[in-house]
Amino acid sequence: MFEKMTIEQYCEILASDSPAPGGGSALALIGAAACSLVEMSSNVTLLKIAEEDEKHGYLFRESNSFKRARLRLYELSNEDAAAYQRIVEARKLPQNTEDEKKLRTANLQKAFHRATLVPLEVMQLCLDALQRADARVLPNLSKYIVSDCEIGISLLKTVIKYSIKNVYANTCFIHNDELKLNLEKQAKEIVDKVNAHF
């Protein structure tokens, strides 16, 4: 949905008085842009090297993997907005009786859990892309295209470090402490890996 819009159209919706799409959706699209930069740097380098060069097959595979990541991040941008909408709908459920209150609470808990999983997947996807970009793509690029890949790497780090805020924004409403702590632990471990290695 959002990926079919022009940049101007998406930014107009982002700037409107609607809370969705919001930061999570935008971060996923920034992650997609980051993957595009790494993908482009691979593709430009591929034009400069012979097919029999062992780098050719290597970079070709990496280019395709970044394309897959980009397409999944498009989906996650949409899923983030949809996840927020499910929370809004659950909050509107009636709570006139005890049964209605229990149903509303159960639906809200499911919605917050699902809403947490979206930024968590964005973080994991961007961490995987970051590791591959740094270790597998960057060392094999033509020198004049290296800066584009480095910008992509920097954006991937930014997406990870700020997506954790969206994880916490949802886990703070989760009643199940074990589930909440597990989700937050997963997110923190991803950020710790970025801080330790990049």
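This is a predicted model: local features need pLDDT of at least 70, side-chain atom pairs count only at pLDDT 80 or more; totals for chains, interfaces and linings use all residues.
Trainee: Where does Lys4 sit?

Mentor: Lys4 is in the segment before helix H1 (7-15).

Trainee: Step back a bit. How many helices and strands are there?

Mentor: There are six helices and zero strands. From the N terminus, the elements run α-α-α-α-α-α. Both kinds are DSSP runs numbered from the N terminus: helices are H or I with at least four residues, strands E with at least two.

Trainee: What size box do the C-alpha atoms fill?

Mentor: Roughly 70 × 35 × 25 Å, taken along the principal axes. Of the 198 residues, 43% are buried. Among contacts between residues at least 6 apart in sequence, 74% join residues at least 24 apart.

Trainee: Let's do H5. What should its span be, and what is it?

Mentor: H5 covers residues 146-171, which is 26 residues, and at 1.5 Å a residue it should span 38 Å. The expected span is 1.5 Å times one less than the number of residues. The end C-alpha atoms of H5 are 38 Å apart, which agrees.

Trainee: Which residues of H5 are buried?

Mentor: Among them are Val146, Cys149, Gly152, Ile153, Leu156, Val159 and Ile160. Leu156 comes up again with Asp128: the two are 28 residues apart in sequence and 9.7 Å apart in space, C-alpha to C-alpha. Asp128 is in helix H4 and is partly exposed, at 32% relative accessible area.

Trainee: At what angle does H2 pack on H5?

Mentor: About 160 degrees, with the axes of H2 (residues 23-48) and H5 8 Å apart. Axes are lines fitted to C-alpha atoms, for helices over the stretch in contact, and angles run from 0 to 180 degrees between N-to-C directions. H2 and H5 are therefore roughly antiparallel. Angles under 35 degrees count as roughly parallel, over 145 as roughly antiparallel, 65 to 115 as roughly perpendicular, and the rest as oblique.

Trainee: Which residues make that contact between H2 and H5?

Mentor: Including Leu27, Ile30, Gly31 and Ala34 of H2, and Cys149, Gly152, Leu156 and Ser163 of H5. By class there are 13 nonpolar, seven polar and one charged residues. Ala, Val, Leu, Ile, Met, Phe, Trp, Tyr, Cys and Pro count as nonpolar, Asp, Glu, Lys and Arg as charged, and the others, Gly among them, as polar.

Trainee: How do H5 and H6 pack? What angle?

Mentor: About 165 degrees, with their axes 10 Å apart. That makes H5 roughly antiparallel to H6. The contact includes Ile160, Ile164 and Val167 of H5 and Leu183, Ala187 and Val191 of H6. Its residues divide into nine nonpolar, two polar and five charged.

Trainee: And H4 with H6, what angle there?

Mentor: About 20 degrees, for H4 (residues 98-137) and H6 (residues 177-197), with axes 10 Å apart. That makes H4 roughly parallel to H6. The contact includes Leu117, Leu120 and Leu127 of H4, and Leu183, Ala187 and Val191 of H6. By class it has eleven nonpolar, four polar and one charged residues.

Trainee: Last one, Ser63. Buried or exposed?

Mentor: Ser63 is buried, with a relative accessible area of 4%. It is in helix H3 (residues 54-91). Not counting residues up to four places away in sequence, Ser63 touches Glu39, Ser42 and Asn43.

Note on methods. Residues are numbered from 1 along each chain as its sequence is written. Side-chain values use heavy atoms; hydrogens and water are left out. Buried means under 20% relative accessible area, exposed over 50%, partly exposed in between (1.4 Å probe, protein chains only). Contact means heavy atoms within 4.5 Å.
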